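Open the model in your viewer and keep the sequence panel beside it. The stops below go through a chain, an interface and a pair of domains.

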Amino acid sequence: MNFVRFAVRRAAEMAATLLVASFVVFGAMYLAPGSPASFLLSGRSASPEALAAVNAQYHLDDPFAVRYLRWLGDMVQGDFGRSLTYRTDVSRLLADRLPTTLLLITMALIVVVTVGLLLGRISAVRGGATDSAVLVATTLAVGTPSFVAAVLLQGLFAVKLGWFPSGGAGGGFLDQVWHLTLPAIALALYLIGMLARVTRSAMLEALAGEHVTVARSRGIPERQVIRRHVLRNSLGTVLTTGGLIVSTLLVCTILVETAFSIGGIGQLLELSTTTKDFPTVQAISLIIVALFMAVNLIVDLLLPLVDPRITLGTRGANA
Amino acid sequence: MTRGPMTRPPRPASANGSTASANGSTGSTTTLDVRGLRVTLPGTARPVLDGIDLTVGSGETVALVGESGSGKTLTSRSALGLLPPGATTEGTVLVEGHDVLAMDADRLRALRTDTVAMIFQDPRAALNPLRRIGDFLTESVCSARTGDRAMGRSAATARAVELLDAVGLDDSALKKYPSQVSGGMLQRVMIAAALMGDPALLLADEPTTALDVTTQAEVIALLARLRERFGTGLLFVTHDLDLAAAISDRVYVMYAGRIVETGPAETLFARPRHPYTAALLASTPRLTTPGGRLAAIPGQPPDLRTPVTGCAFAARCPLATEVCDEHAPAPLQVSEGPVHLAACHHSDRLVGEGSAVDA
Amino acid sequence: MSTVLTRRPGLAKLRVRSGRSPLHLVCLGLVASVVLAALLAPWIAPHDPNAVDLGAALAGPSAEHPFGVDAAGRDTLSRLLLGARTSLLGPLGVVAFSTLAGVAIGTAAAWRGGWLDSLLSRATELVFAFPGMLLAVLVISVYGEGLLAPVVALGLAYLPYVSRLTRSLVLAERARPYVSAYRVQGHSALQICLRHILPNIAPVVLAQSTINFGYALMDLAGLSFLGLGVPPLTPDWGRMVFDGQTAVQHGYPLSAILPCLFVVLTVVAFNVVGERWADRVARRDR
């Protein structure tokens, strides 16, 4: 099967799953107890005319299928509807908050990839006491929810030591980076542990391979053996965690941004959940799901390049 | 087709000038000379290798025969200094007069790239599945060598093409991944890779076990041909007695980390003087065996976790007496003519067909 | 038959089995004591967890309040002990739901195969696209705050992990000769599944569920931290961190840090015990 056909088929599958996901997201809101109009009027006893006006404005009288299709059509065109709480376009809300969240996630991702790979590597290669120490550290990291990490880091480095600000996103790039350092670390901690463990076990598996002994027996320097025959061979396994890493980062921003009062997508999701701002919750959920699938698609497409044994589309069979 | 760069200039006599006293063919030098090698692994009760003496002359083919776990693989790997982590060693492993066990990392690497090369049992496992065959061939001569010994990438590729040709493959294999070619072809690649550094000694660790029968014969024939053409010494590790008899000049039989018998291939197989060798021969399926009987050896080889006093084979040996449990037999010359040693208290009782050991 | 020379096994067998690791023992003890604390909480808690003593608000540890007092003047130790109940009950619900449903679905998919299998694997893929927290947030935004909605949502989110594992285990088990032997003898599929296959795969599934327990605890505590989980006055570790966060920013970290530690230790303990169990089962099967 050639690459383009595989990519197209995979993308089509992804679109189908995304379609079902959108149906789930929309359907869940449709099933909400009480009519959306009463939420919109936030409990005020409304006149029948006001109710009718709201119903007309939000097309609440149309049948389900019509409303779903209209909503879907709008979503595809980038129109995420109007926020019930903020009374503005959801796309506007998102656009305002996205840069902060993206910066936060990028910083966390950099930390996760560098520290996680490094820890996994030294743990697998050095073994012994180093390995035990890294194992204990990653066990702790994997058991630490990001909100706990956020509160602990905040208490120590922001309040007690005063090295970093305790909240907010800051203005200007460097100030933002400074403000987002603690949140990024809080966000990264769990994933560092996970990635280090995945890297470690993948490298140990590669290290146990006969081809490593063979490479050593041919006089190839140890560093090169590790790089070309161990690290290289564990790359595929590490890559498959990509989707999970990105979606975990996205979802955990809800905790970390709330803990550090950062006005990003995560905090917006938290606020709109509390205020039952359905259009905003729908939009953010769908974006997270779509991003997860997109990353997985990229991983699927990259995998055959990293590991020639994996022919396109047989990831499950060869894993 | 013989070409210039592939033929080896005659090697100078090794540094200490030790001549192969054991292999009978006087005048030739000893490529591999293992003396009293004893290897102990952590957490074991007895040494994995217990006083191994073994030589391979230049251009000579020597077979090392034994059961799984007898230590034959470890013996062959010791020539590369490739020992399990935590192993402690006694004795010497001299390759062209230099002790491998005393080498530092750089010397060891030079030894592995230039002097000794190994052909592994399972080519499927031995090649990194994520790297192209061309990369595997050139990797050690390009990147492992340092300084003036380093080979340029294009020179290395040219040599790889020559050697692929010598093993009967064309250069299209260079661009392929290991998963794209058959096991027999991969073992040819493995052999070509072993010859890349123009080694003085080839170690072949059951190079045909993972292959199917027709391919086995081809690979063996190829190996014999190449050994002759390049004049390398060959240490052939196998559990296949017939194969050992067919390919080798001399044979060593190992049992539980010791050499129990050694001698010229013909003599040893015709007139085994150690009960273990005799039992092995009797338990090998053979069309021409008179009477067509197969005799299994009762019992199991001793475990590494139990210490061995006396002869390691005593528990399974039909000839064993009290002396066997108490004293380990020393290898002794058992016949006139070329060196033929057997480590058995009762080798005198083993004359003729070895029928005494039938269970 | 003959002893002739099989392929060499290598030296792997010689590796000395390590004994019980101290970390594992400590974690086993932690799990036991947390469960015990949750069970006995009403009797061993020194104070009413909701009794307010504003005069002592944010007080440090003392004889009367060994772990101090939170910003609303409530005894931290009592809230931690009673909080163990809600904090463990939620994950228990998640794990019970996901295990039962997951095993049923996974077994059915593996045994029946065909369209049922492909439908279920599609559904699994879909659920995988929704991270547990997101699904819970979605459900909460619809049905409002409380413990039940997020527990069901997380149970649903964790279900595919169990069902996929069960499916592969049942497929492997089904291929073994004893199953065909029972079939030949006329045992029904249900009988074989319940009496022979399930007991065989149970250890692996339960080990996975133990690990899931830790993750469910993390997620539920996170939701409570957002104020979306348990109702405001309920003692709960996540909720306590939420309540104590303002105090942290004013330099009184104790009432938030203690529940944090409890969450981390409990999650780690469950993870370690679960992983160790899974390792042992895997080694037994080898």
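Helices and strands here are DSSP runs, a helix having at least four residues and a strand at least two, numbered from the N terminus. Bear in mind throughout that this is a predicted model.

Select chain A and colour by secondary structure. Next, colour chain A by burial: 41% of its 319 residues count as buried. If you draw the contacts within chain A between residues at least 6 apart in sequence, 71% of them join residues at least 24 apart.

How many residues of chain A are in contact with chain C? The contact involves 40 residues of chain A and 34 residues of chain C. On the chain A side, select helix 1 (3–30), helix 6 (128–142) and helix 7 (146–160), then helix 11 (242–259), helix 12 (265–274) and helix 13 (278–306); each of these gives two or more residues to the side that touches chain C. Coloured by class, that side of chain A shows 26 nonpolar, twelve polar and two charged residues.

Now hide both and select chain B. Its domain assignment gives domain 1 as 29–248 and domain 2 as 272–350. Taken over C-alpha atoms, the centres of domain 1 and domain 2 of chain B are separated by 29 Å. Where the two domains of chain B touch, domain 1 gives nine residues and domain 2 gives nine residues. The domain 1 side of this contact in chain B has three nonpolar, three polar and three charged residues.

Technical notes:
Residues are numbered from 1 along each chain as its sequence is written. Chains are lettered from A and ligands numbered from 1 in the order in which they are written. This is a predicted model: local features need pLDDT of at least 70, side-chain atom pairs count only at pLDDT 80 or more; totals for chains, interfaces and linings use all residues. A residue is buried if 20 or more other C-beta atoms lie within 10 Å of its own, exposed if 12 or fewer, and partly exposed in between; C-beta atoms are placed from the backbone. Two residues are in contact if their C-beta atoms, placed from the backbone, lie within 7 Å. Domain bounds come from an automatic or database domain assignment. Ala, Val, Leu, Ile, Met, Phe, Trp, Tyr, Cys and Pro count as nonpolar, Asp, Glu, Lys and Arg as charged, and the others, Gly among them, as polar.
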